[in-house]
Amino acid sequence: MTWRYALMMVPAAADDARTDFAETFTAVDPAFPALSVGELSTQRGDGIFESIGVVDGHAQEAEAHLDRLAHSARLCDLPAPNLAQWREAVLQTAAHAPQRGEGVIKLILSRGVEHGPTPTAWLTAADAPDFTAPRENGVRLVTLDRGLDSGAAARAPWLLLGAKTLSYAVNMAAIREAKRRGADDALFVSSDGIVLEAPTASLILRFGDRFVTPAHDGGILPGTTQLSLFEHLEVLGHQATYETIPHARLAAADAAWLVSSVRLAAPVSAIDGMPLSVDRELSASFNRYLLSPRD
Ligand code: PLP
């Protein structure tokens, strides 16, 4: 990944009514270290993040990502982010992201330095990887047991299941396990057999002319790309619904996609070795929509 820009930010209180937060920003060279060794984000993964797709210099769906950042902050007992400040920081960072083609902006809000006074916040801009192959040829999935039942999110909110935390070691381990099993990506299933999400993407299934995604019941991350694509599908007159999807129902799907902010829509070509037909034209139309300017 080619890093283009990094911006450190002193987080303002949520009720700070300033209209210009420029004095809270410091651009730093992304090639040099910028964090204290006492950072709890690096010591414990204690913080939250967002990855925003950038197309021709435009940060896609910035408001949806800021809303989710605030949601994750609430779940993690972090101070509420000042959305005006983050909005300004996203705009400033987008100006340093690739102005032609695709990029990615990351927003990170960490609990801060151990015994330190405030959270640490920073943003980065980088070139996006080339995702042509998964967008066109598809991805093979294996289902992996997440080891928690579908009631875990409600029963044990400290597991932070609906928050986008920095603790992604488990998600990365699941992708490595999927690759060991000859697939490209994983699909988490609860221990009682309910289909959830991929480690870095949401799942959309097509049954006939209906598009279905797993219900947002706190156990999975609400995906901004899935939400945007559902709005688009509804405008086109399709039915798009949230449902509890038992593992056995995967076999009845006519098509499936993993969707996320930077890779966008990757059609699923197989689940657990069972081939699924890749609808190249529909997938291409999803990606044309996702690559169009979206607010
Ligand atoms: N689910 C998980 C666990 C994720 O990490 C992500 C994105 O990284 C998604 C779903 C998709 O979210 P979005 O479409 O907002 O990128």
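**Salt bridges and a ligand pocket**

Biologist: Which residue forms a salt bridge with Arg68?

Modeller: In this predicted model, a nitrogen of Arg68 comes to 2.8 Å from an oxygen of its partner, inside the 4 Å cut-off for a salt bridge. Arg68 belongs to helix α2 (residues 62-75) and its partner to strand β3, so the bridge ties together parts that are 18 residues apart in sequence. That partner is Glu50.

Biologist: Is Glu50 buried or exposed?

Modeller: Buried means under 20% relative accessible area. Arg68 falls under that limit at 9%. Glu50 has 0% relative accessibility, so the glutamate counts as buried.

Biologist: How many residues apart are Arg111 and Asp46?

Modeller: Arg111 and Asp46 form a salt bridge, with their closest N and O atoms 2.8 Å apart. Arg111 sits in the loop between β5 (102-110) and β6 (120-127), while Asp46 sits in the loop between α1 (40-44) and β3 (47-55). The pair therefore links distant parts of the chain, and the separation is 65 residues.

Biologist: How many salt bridges does the count come to?

Modeller: Side chains of opposite charge can pair when their charged atoms come close. Among the residues involved, Asp16, Arg18 and Glu23 are linked in a network of salt bridges. The count comes to 17.

Biologist: How far is a nitrogen atom of the ligand from an N or O atom in the side chain of Glu197?

Modeller: Glu197, the salt-bridge partner of Arg146, also has a side-chain N or O atom close to the ligand. A polar contact needs such atoms within 3.5 Å. Here the distance is 2.9 Å.

Biologist: What share of the ligand's exposed 390 Å² does the protein bury?

Modeller: The space taken by the ligand is the largest pocket. Two or more residues of the shell around the ligand come from each of α2, α7 (224-235) and β12 (255-260). Taken alone the ligand exposes 390 Å², and the share buried by the protein is 94%.

Biologist: How far is an oxygen atom of the ligand from an N or O atom in the side chain of Tyr168?

Modeller: There are 17 residues around the ligand, and those that come nearest include Lys164 and Tyr168. For Lys164, a polar side-chain atom lies 2.7 Å from a ligand oxygen. For the side chain of Tyr168, the distance to a ligand oxygen is 2.5 Å.

Biologist: Which residue's backbone nitrogen does the side chain of Thr165 reach?

Modeller: Thr165 is in the loop between α5 and α6 (169-180). With a relative accessible area of 10%, Thr165 is buried. Its side chain comes to 3.2 Å from the backbone nitrogen of Ser167.

Technical notes: Residues numbered from 1 in each chain as written. Predicted model: local features only at pLDDT ≥ 70, side-chain atom pairs only at ≥ 80, totals over all residues. Heavy atoms only, no water. Helix = DSSP H or I, 4+ residues; strand = E, 2+ residues; numbered from the N terminus. Buried < 20%, exposed > 50% of the residue type's maximum accessible area, 1.4 Å probe, protein only. Near = heavy atom within 4 Å. Polar contact = N/O pair within 3.5 Å; in protein donor to acceptor, adjacent residues only side chain to side chain. Areas by Shrake-Rupley, 256 points an atom, 1.4 Å probe, with all protein chains shown as cover. 1 Å grid on protein atoms, 1.4 Å probe; cavity = no way out; pocket = protein on both sides within 12 Å on 5 of 7 lines; lining within 4 Å. Sits in = over half its atoms within 2 Å of the grid points.
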